[in-house]
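Biologist: Hi! Could you walk me through this one? I'd like to start with the aromatic rings.

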Amino acid sequence: MTDRLLVATRKGLFTVVRKGGTWAVAGAPAFAGEPVSAILPDGRDGTLYAALNLGHFGVKLHRSEDGGQTWTELPAPAFAAAPEGGEGPSVSLIWTLAAGGADQPGTLWAGTLPGGLFHSADRGSTWSLNQSLWDVPERREWFGGGYDEPGIHSILVDPRDSARLTIGVSCGGVWTSGDRGASWALGGHGLRNEYLPPEMSDQRSTQDVHRLAACTAAPDRVWCQHHNGIFRSDDGGTNWTEVTANAKPAAFGFAVAAHPADPDTAWFVPAVKDECRIPVDGRFVVSRTDDGGESFEVLSDGLPQDAAYDLVYRHALDIDASGERLAMGSTTGALWVSDTGGERWSLISAHLPPVAQVAFG
Amino acid sequence: MPRVSFTANLQRHLDCPPAEVAGRTVRAALDAVFAVNPWLRSYLLDDQGRLRRHVNVFVNDRPVADRARLADPVADDDEIFVFQALSGG
């Protein structure tokens, strides 16, 4: 199991390590006081990447080659300048960072607000906009979910074939590519958005996908925590089956973690929909399916069951390669780890800043 | 030459000492600073070269009027101040 956890928060990047069987926050955070919006421990070469969203001074990107001891600023993904007099876009948030395939050393992907997908072939030293996705006509229908602008929050690279990509957009549906992003197809058949007018509820280009997660060993199995509920794909994101009816105690949530080896197992952190977004009855729980969404088990051992109002954002639940160790952090600044597939949780800290992402590595 | 100085809060992120630079507009003066300190540009301007929403630039005691193109004129003895609006928690 992985004994290091990176925790990206509203006020810095924390490293949490397990020593002698005990997890502890290791020293002061990197970027103390600054909002860290995304983190990527690149398992291919051990490099760490951290994206910041400096309130006044914009989006920044940093790289560490010594495990987070020192950081070097890189150029952040950015849109090209519009022709004179034009109203061009500007990156307002790096929402997610993803490593390319094992056969693509140095390749990184970045999902941003206002909906640009960026690619780097040189470990983040330079970035270019994926123009083909930016140019899909349906992008004009995308809208913001939680933010004013739409954003790309999930980037899945197929471990069998790194040319195959699946991305999730809030609110712009699921998109797939089979050619490293040279062209894109709109997936999401079977997703449904209850809050839209009935004639628009199955419009694929505006689906409110909260988060996608794929099974490493069976990457065609993708789980979607959607605004409306929980969906499962068996073909990498093109077609979906809704399993919302069996979810409990609620089908709403942001985060999902997929078991790396068992495609039928996934974890969710339920909350009351739509705008409420607090645990049901003040009891903070995780739900798990181990049968492909036919049934869900509520897991609460070690989690607060009275007057708890923790919410786990879409990137703040992670699972390590063992499939047994999970971590999650909340908007209330609590951090938990489980070594038992979610059966039992240990509180690591209740006093961190609001957590945007947790990542083993 | 106009003198450009920066809020101390920028120093948390990168070194940006006051500078005397050539330039007849705010844009030209800042471009001269960016020429020797290229990392500074993205801290003050967005992808389109517009002043970031929470960054303010004053010429002497006047806020710049043209936040998109920074075409406000500057004279040799003017001082350009770069601030930010502190807010939030």
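Modeller: Happy to; we can go through rings, then a helix, then some strands.

Modeller: Keep in mind that this is a predicted model.

Biologist: Is A:Phe79 buried or exposed? And what about A:Trp134, buried or exposed?

Modeller: A:Phe79 counts as buried, because its relative accessibility is 6% and the cut-off for buried is under 20%. A:Trp134 is buried as well, at 14%. Ring pairs also bring in A:Phe118, giving a cluster of A:Phe79, A:Phe118 and A:Trp134.

Biologist: Nice. Which charged end sits over the ring of A:Trp134?

Modeller: That would be A:Arg139, 3.4 Å from the ring centre. There is also a case between chains: the charged end of A:Lys60 sits over the ring of B:Tyr43, 3.8 Å from its centre.

Biologist: Switching to chain B, which residues of helix α1 (residues 26–36) are buried?

Modeller: In that helix, B:Val26, B:Arg27, B:Ala29, B:Leu30, B:Val33 and B:Phe34 are buried. Looking down the axis of α1(B), the buried residues fall within an arc of 165°, so they line one face of the helix.

Biologist: Why would residues three or four places apart point the same way?

Modeller: An α-helix has 3.6 residues a turn, so residues at that spacing point the same way. On the other side of α1(B), B:Ala35 and B:Val36 are exposed.

Biologist: What covers the buried residues of α1(B)?

Modeller: The cover includes β1 (3–6), α2 (41–44), β3 (55–59) and β5 (79–84) of chain B.

Biologist: Last topic: strand β26 (residues 335–338) of chain A. Which way do its residues point?

Modeller: A:Leu335 and A:Val337 point one way and A:Trp336 and A:Ser338 the other way, and all are buried.

Biologist: What joins β26(A) to strand β25 (residues 326–329)?

Modeller: Four bridges do, and the two strands run antiparallel. They form a hairpin with five residues between them, and A:Gly333 in the turn has a positive phi of about 85°. Three bridges join β26(A) to β27 (residues 346–349), also antiparallel, and A:Trp336 has A:Leu347 as its bridge partner there.

How values were computed: Residues are numbered from 1 along each chain as its sequence is written. Chains are lettered from A and ligands numbered from 1 in the order in which they are written. This is a predicted model: local features need pLDDT of at least 70, side-chain atom pairs count only at pLDDT 80 or more; totals for chains, interfaces and linings use all residues. Side-chain values use heavy atoms; hydrogens and water are left out. Buried means under 20% relative accessible area, exposed over 50%, partly exposed in between (1.4 Å probe, protein chains only). Rings of Phe, Tyr and Trp (its six-membered ring) pair if their centres lie within 6.5 Å; planes under 30 degrees apart count as stacked, over 60 as edge-to-face and the rest as tilted. A charge sits over a ring if NZ of Lys or CZ of Arg is within 6 Å of the ring centre and within 35 degrees of the ring normal. The arc is that of the directions from the helix axis to the C-beta atoms. Contact means heavy atoms within 4.5 Å. Two strands pair if DSSP finds at least two bridges between them.
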